[in-house]
Amino acid sequence: MATKWSYMDHWVTETPQGPLPPSFNRAYMDRYVKQLSALGFQGFDTFFFYLPMLQGMYGSVPAFEHFLQDNGFEKITGIFSAYPYATKHTAPHVRETHDRIVADCEYTLRGIEGLAGVENFIVMPSSTDWQTEPVTDDKIKIMADLWNRVGRITLEHGLKTTCHFEFWGAIRTRPQLELFFEHTDPEYVYFFCDTAQHTIAGVDPVQMFRDYKDRCTGFHFKDTKNVDTTGMYRTAPDPELMAPDVQRWFYPMGEGGLVDFPSLMKEIVASGYDGWLTVEHDKAELGGGTYAEATCLAKWYIDNVLAEAQREAEAAL
Amino acid sequence: MKDTLRWSYAINAWNLRMDVFVRHEEQQRALKTLSALGFDHVELASGMGGRWENLGTPEIILINHGSAEGLLAFLRRAGISGVSSWCWDPGQPAEETGYAFLMTRNPADHDAIVEAAKPFVDLLAAAGGDQLVVRPAGSAWMAPPLGDGDAGIVGSLWNRVGEIAAAAGVGVSLHYDCLQPFHTEEQLVSLLDATDPALVGLALDTAELTIGGIDPVAFYDAHHGRVTHVQLKDTRFQDAGQEYLTPGAEATMLKGGAGRRIERWFYELGTEGGLVDVEAFVASLRAHGYGGWVVVEGDKGGNATEVAMLNSWFLQRRLGVARI
């Protein structure tokens with residue numbers, strides 16, 4: 001099995017105006033792509049809100065993809081879209097906002113026309129838990145209806161709508177996840193496994209993959225050192241940066257976290273999964289870290305620890 | 001890096017000041033970074049000595065790791081298989097030598113310098129290293145202009161160190177930096193001529209040579225037989241003439257404290273506006289069958305990890321070197 005690794009577009013670098021994303025200017029963006037290229041990443045995932053910036057810097061989003069390809073990448077592999085903060089305009093659990101969300105998704109799809117073949121339309125299926133409470137079965141079914149609609153549309157453009165669950169989202173527990181998948185169409189709605197988010201929520205990501213591997217179209221390989229046992233997921237307005245007891249939730253692989261990545265890798269190999277594997281670092285700068293170092297360490301872990309797990313799993317086939 | 005040239009990376013890029021890069025896990029992160037970027041050897045560098053020089057001076061390395069084999073085991077944990085070389089400036093006062101202010105241009109200091117070199121040579125040899133890379137003389141602004149006998153005096157010292165090193169299986173390479181007094185091509189050649197080619201060679205630093213007004217490609221083509229070590233980095237600036245003689249040039253020139261206020265002189269390979277023709281230089285190394293180490297340096301160049309990533313990119317995408 002030849003693994004294909006992509007990088008989820010979080011990055012902060014030092015600029016003359018302070019630590020900022022590489023979208024600071026074209027030169028910084030070029031450096032960022034070269035730095036990822038040096039590690040051998042072949043895919044690039046980015047956020048829907050970066051598409052206009054890329055168009056402005058490179059002339060078009062396909063032109064940016066050509067720059068990626070000039071640096072050894074295969075293509076842009078995923079586009080991430082989300083409504084983390086529910087508003088009167090957009091809230092996945094409120095059916096009246098669905099037309100607007102669908103229109104937004106169609107707009108994003110127009111923004112990636114001409115690319116080599118984006119595979120995943122990655123979505124947060126819900127907004128924050130605290131805004132969705134009480135999280136009822138009916139609300140989960142309403143959210144399922146939304147993503148069934150979106151999934152049908154994105155598939156017409158060649159992209160699979162795939163759901164990335166947050167520990168602070170309204171679909172977070174194992175029963176909630178099961179209900180959501182029960183009410184979504186396997187043809188239109190897929191599973192995106194973020195190892196840290198599930199772990200924080202008390203859900204075993206390896207078991208999730210084992211149970212939903214037929215619907216899994218991607219991963220965010222990132223680690224955490226904490227399980228939320230005190231209801232921090234309900235922190236308003238934002239549990240990722242304002243949780244009272246945990247200042248930093250996410251860590252690179254191999255830094256003493258809770259996720260059993262070798263076991264996950266073995267499950268992936270055993271399943272025959274042949275899609276993209278993605279490294280994500282979210283808020284890596286907290287506590288003095290850097291995205292550059294976190295990314296290098298993740299790739300070291302891939303080349304050494306996960307490669308060994310992969311070899312063992314392949315030998316056992 | 002998989003190539004006919006032997007590539008290494010200078011670990012000093014992470015050792016920005018005396019109280020950082022001390023904890024082992026911090027060093028492991030830097031070593032893993034280099035491993036992930038395709039490097040499997042590192043160049044060590046000495047500093048001020050003392051309890052924080054965990055990868056800098058022999059005495060402290062041995063306290064940390066017990067032996068050369070212990071040091072190598074530490075490196076291998078991160079996927080780094082060995083030490084290519086070790087940089088040492090005998091003029092840098094170090095705690096282990098009582099902060100002695102030793103000057104290679106002073107024959108009275110030579111015995112002490114030879115003694116101070118021995119622990120470096122011994123540990124480097126035991127670790128399988130290839131070159132002791134030394135600063136041939138202290139900064140030019142700190143001493144009178146070179147006299148007729150200076151090349152011979154300094155050369156004789158390095159021949160002595162070279163004899164000891166050769167006996168241990170290690171070479172000695174004189175590192176050209178833009179502040180030291182053998183500054184012009186003529187002065188540099190005079191120093192090399194005062195050394196025994198069997199014992200002492202030149203560590204050619206592409207950026208330092210360029211800043212000093214010497215074209216590294218032309219120099220290497222003319223003197224490749226004396227080059228035993230290479231340090232590869234880029235610069236955007238040249239000494240405007242006599243800036244290296246400015247009092248306190250380490251800060252006034254190289255940190256922008258005076259004059260043109262240039263705060264950063266060293267850059268990653270392929271930097272915009274870079275003055276070093278790295279591709280031509282490496283092509284020349286290949287053409288002349290260079291067999292030594294090529295050490296990529298990212299020191300004094302900003303975030304060490306980001307610079308290392310850009311340097312690795314340059315090797316892979318511009319020089320056609322395979323990462324793995």
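**Helices, faces and a contact between chains**

Mentor: Let us begin at the end of a helix. H11(A) is followed by A:Gly272, and the phi of A:Gly272 is positive, near 80°. Please keep in mind throughout that this is a predicted model.

Trainee: What follows H2(B), and which phi does it take?

Mentor: Just after H2(B) comes B:Gly66, with a positive phi of about 85°.

Trainee: How confident is the prediction for chain B?

Mentor: Chain B has an average pLDDT of 96, and 100% of the residues score at least 70. For the model, the scores are ipTM 0.92 and pTM 0.94.

Trainee: Returning to H11(A), which of its residues are buried?

Mentor: A residue is called buried if 20 or more other C-beta atoms lie within 10 Å of its own. In H11(A), which spans residues 261-271, the buried residues are A:Phe261, A:Leu264, A:Met265, A:Ile268 and A:Val269. Viewed down the axis of H11(A), these buried residues fall within an arc of 135°, so they line one face of the helix. Their cover includes helix H8 (195-200), helix H9 (205-212), strand E9 (216-221) and helix H12 (291-316), which belong to chain A.

Trainee: Where do the buried residues of H2(B) lie around the axis?

Mentor: Helix H2 of chain B runs over residues 58-65, and B:Pro58, B:Ile60 and B:Ile61 are buried there. These residues cover an arc of only 165° around the axis, which puts them on the same side of H2(B). Their packing partners are helix H3 (68-77) and helix H4 (110-126) of chain B.

Trainee: How should I read the crossing of two helices, for instance H2(A) and H3(A)?

Mentor: One considers the approach of the axes, then the angle, then the residues that meet. The axes of H2(A) (residues 51-58) and H3(A) (residues 61-70) come within 7 Å and cross at roughly 75°. Because angles of 65 to 115 degrees count as roughly perpendicular, H2(A) is roughly perpendicular to H3(A). From H2(A), A:Leu51, A:Leu54, A:Gln55 and A:Tyr58 meet A:Val61, A:Ala63, A:Phe64 and A:Phe67 of H3(A). This contact has 7 nonpolar residues, 1 polar residue and no charged residues.

Trainee: How many residues does each chain give to the contact between the chains?

Mentor: Chain B gives 17 residues and chain A gives 19 residues. On the side of chain B, the elements that give two or more residues are helix H1 (24-36) and helix H11 (304-318). H11(B) supplies the largest share of that side, 8 residues. The residues of the side of chain B divide into 5 nonpolar, 7 polar and 5 charged.

Trainee: At what angle do H1(A) and H11(B) cross?

Mentor: The axes of H1(A), residues 26-38, and H11(B) cross at roughly 70° and come within 8 Å. That makes H1(A) roughly perpendicular to H11(B). H1(A) contributes A:Arg31, A:Lys34, A:Gln35, A:Ser37 and A:Ala38, while H11(B) contributes residues including B:Glu306, B:Met309, B:Leu310 and B:Trp313. By class, the contact of H1(A) with H11(B) has 4 nonpolar, 4 polar and 4 charged residues.

Trainee: Is B:Leu310 buried or exposed?

Mentor: B:Leu310, in helix H11 of chain B, counts as buried because it has 24 C-beta neighbours inside 10 Å. Leaving aside residues up to four places away in sequence, B:Leu310 touches A:Arg31, A:Lys34, A:Gln35 and B:Glu268.

Methods: Residues numbered from 1 in each chain as written. Chains lettered and ligands numbered in written order. Predicted model: local features only at pLDDT ≥ 70, side-chain atom pairs only at ≥ 80, totals over all residues. pLDDT = per-residue confidence, 0-100. Contact = placed C-beta atoms within 7 Å. Helix = DSSP H or I, 4+ residues; strand = E, 2+ residues; numbered from the N terminus. Nonpolar A, V, L, I, M, F, W, Y, C, P; charged D, E, K, R; others polar. Axes fitted to C-alpha atoms, helices over the stretch in contact; angles between N-to-C directions. Parallel < 35°, antiparallel > 145°, perpendicular 65-115°, else oblique. Buried ≥ 20, exposed ≤ 12 C-beta atoms within 10 Å, placed from the backbone. Arc of directions from axis to C-beta.
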